[in-house]
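This briefing goes through one protein model by topic. Please look over the sequence and the structure before reading on.

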Amino acid sequence: MRWSLEDFVYGATDGAVTTFAVVAGVVGASLSPAIVLILGFANLFADGFSMAVGNYLATKSQKEAIERARQREEWEIDHLADQEKQEIRDIYAKKGFKDELLEEIVRIITSRRKVWLDTMMKEELGLIEDRRRPIDTAVTTFAAFNAIGVIPLLPFVAIYAAGTITISQEAFVYSSVFTAIAFFIIGAVKGRILGKSLARSGLGTLALGGIAAAVAFLVGYILNHLVS
């Protein structure tokens with residue numbers, strides 16, 4: 001199985017955000033650790049599976065669309081060769097090539113079918129083959145979602161295992177700290193992938209998670225007072 005860092009970051013970010021939002025909402029409503037665990041783990045597996053399926057279908061659809069476009073270009077090369085050569089000529093003329101050099105480029109590219117086809121796919125259609133397998137993207141997303149998404153729940157697992165039946169503010173503090181660290185690391189990794197500042201990307205993801213948690217906490221707090 002091949003896994004991609006892109007899919008891991010995607011799953012991990014959403015896992016941390018949504019699970020901690022559930023924790024914050026339940027704590028804001030002053031419910032018991034048992035509710036935190038029930039809703040948290042239900043969200044963890046259900047939402048993780050949903051994201052994995054969504055990523056699988058998106059990757060599969062993209063690969064199918066690229067394959068259809070590739071087959072169409074192959075047909076055009078076989079049946080409309082002169083027109084396709086002119087398209088190559090126009091593409092490289094726009095890049096500044098001309099005269100004998102332009103004709104040599106056209107000759108070299110069109111002399112090898114795969115190079116010709118790949119050039120048309122990239123330069124004309126803007127499509128690059130995605131080498132990821134749909135099943136790999138799904139498994140990576142699900143694994144990352146659960147591996148990171150479980151972090152906000154760990155302190156509550158500990159106090160529930162210890163027999164505590166009321167909300168522990170200390171557990172929520174630990175959950176917040178652990179999740180904040182996870183947010184920052186995920187953001188830093190994402191920043192490295194995109195070639196951006198690690199600190200800025202880490203803080204950006206941390207801020208996003210903090211906003212989601214604050215909204216969930218506030219909604220839980222308000223609803224608790226409205227219905228109680």
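Where is the place of aspartate 82? Aspartate 82 is found in helix 3. The model is a predicted one, and the points below are grouped by topic.

**Aspartate 82**
- Is aspartate 82 buried or exposed? Its relative accessible area is 64%, so aspartate 82 is exposed, the cut-off for exposed being over 50%.
- Aspartate 82 and glutamate 67 are 15 residues apart along the chain, and their C-alpha atoms are separated by 23 Å.

**Helix 4**
- Helix 4 runs over residues 99-110, twelve residues that should span 16 Å at 1.5 Å a residue. The C-alpha atoms at its ends are 17 Å apart, which agrees with that expectation.
- Which residues of helix 4 are buried? They are Leu102, Ile105, Val106, Ile109 and Thr110.

**Salt bridges**
- How many salt bridges does the count come to? The count comes to seven salt bridges.
- In helix 4, glutamate 104 and arginine 107 lie three residues apart, about one turn of the helix. Their side chains meet in a salt bridge with an N to O distance of 2.7 Å.
- Glutamate 104 is partly exposed because its relative accessible area is 34%, and arginine 107 counts as partly exposed at 47%.
- In helix 5, lysine 114 and aspartate 118 lie four residues apart, about one turn of the helix. A salt bridge joins their side chains (2.7 Å, N to O).
- Lysine 114 is exposed, with a relative accessible area of 57%, whereas aspartate 118 counts as partly exposed at 28%.
- Aspartate 136 forms a salt bridge with arginine 133, and the closest N and O atoms of this pair are 3.0 Å apart.
- Aspartate 136 has 5% relative accessibility and therefore counts as buried, the cut-off for buried being under 20%. Arginine 133 is partly exposed, with a relative accessible area of 44%.

**Nonpolar surface patch**
- Ile211, Val215, Phe217, Leu218, Val219, Tyr221, Ile222, Leu223 and Leu226 make a nonpolar surface patch of about 850 Å².
- Tyrosine 221, one of the patch residues, is found in helix 9 (residues 198-227). Tyrosine 221 counts as partly exposed because its relative accessibility is 41%.

Technical notes
Residues numbered from 1 in each chain as written. Predicted model: local features only at pLDDT ≥ 70, side-chain atom pairs only at ≥ 80, totals over all residues. Heavy atoms only, no water. Helix = DSSP H or I, 4+ residues; strand = E, 2+ residues; numbered from the N terminus. Expected span 1.5 Å × (residues − 1). Buried < 20%, exposed > 50% of the residue type's maximum accessible area, 1.4 Å probe, protein only. Patch = residues over 30% accessible without salt bridge, like charges linked within 9 Å, V, L, I, M, F, W, Y side chains within 5 Å. Areas by Shrake-Rupley, 256 points an atom, 1.4 Å probe, with all protein chains shown as cover. Salt bridge = Lys/Arg side-chain N within 4 Å of Asp/Glu carboxyl O.
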